[in-house]
Amino acid sequence: SSEIAAEFLFNYSRPVIRTITPSTSADTAGGQELVVQGRNFGNRPDQISLRLIETSTGFDAQCVFSSNEADILIVDHLIFRCTYPAYTIDDGDGQDVEVYATVSGLTSSNPASFAYVDNSGYFSMLVNITMDLNLNSTSFGSAETFERIRGNTPR
């Protein structure tokens with residue numbers, strides 16, 4: 001009897017990112033969850049990495065993955081999550097960040113778009129406006145004075 005040797009060759013497909021959430025308005029402080037949907041992510045969290053790159057500024061950072069593998073893969077091959085890194089607005093505007101997924105050495109060929117927004121001054125601005133309104137509202141005096149300030153003649 002003769003034996004026939006069969007050789008099976010196959011290649012894994014590159015990961016493909018379809019959507020990332022959030023894709024815009026990500027807080028520059030980082031530390032928030034990023035959900036990545038697509039395909040070919042595999043089922044081994046230790047083989048996945050996600051890089052955020054802004055070529056105009058040289059920004060290049062990786063997402064941080066939970067130490068609990070169950071927190072990483074939501075659906076094998078299709079969805080995973082990680083924590084996105086902080087971004088310093090002084091480096092650039094954070095609007096043209098490209099996201100690449102790498103699984104077992106294969107990197108996505110088409111990056112997803114990602115944008116940061118600087119929320120650091122939002123709280124202090126809100127506090128200043130609130131304090132200003134509270135202080136000034138007590139200095140209007142009577143309702144009659146307030147109506148004169150608004151341009152109305154009191155009745």
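Modeller: Helices (H or I, at least four residues) and strands (E, at least two) are DSSP runs, numbered from the N terminus. This is a predicted model, where local features need pLDDT of at least 70, side-chain atom pairs count only at pLDDT 80 or more, and totals for chains, interfaces and linings use all residues. Residues are numbered from 1 along each chain as its sequence is written, and side-chain values use heavy atoms, leaving out hydrogens and water.

Colleague: Okay, in what order do the elements run from the N terminus?

Modeller: β-β-β-β-β-β-β-β-β-β-β-α-α. That makes eleven strands and two helices.

Colleague: How many residues are in the largest nonpolar core?

Modeller: It has 25 residues, and Ile17, Leu34, Leu50, Phe114 and Tyr116 have the most contacts inside it. Such a core joins buried (under 20% relative accessible area; exposed is over 50%, partly exposed in between, 1.4 Å probe, protein chains only) Ala, Val, Leu, Ile, Met, Phe, Trp, Tyr and Cys through side-chain atoms within 4.5 Å.

Colleague: Which element gives the largest share of this core?

Modeller: β8, with four residues.

Colleague: And what does Phe114 touch?

Modeller: Not counting residues up to four places away in sequence, Phe114 touches Ile20, Pro22, Leu34, Leu52 and Val99, among others. Contact means heavy atoms within 4.5 Å.

Colleague: New topic: where is the cis peptide bond?

Modeller: Between Thr21 and Pro22, with omega about 0°. Pro22 sits in the loop between β1 and β2 (26–27).

Colleague: What about the phi of Asn40?

Modeller: Positive, about 65°, although Asn40 isn't a glycine. Asn40 is in the loop between β3 and β4.

Colleague: Why does Asn40 count as partly exposed?

Modeller: Because its relative accessibility is 26%.
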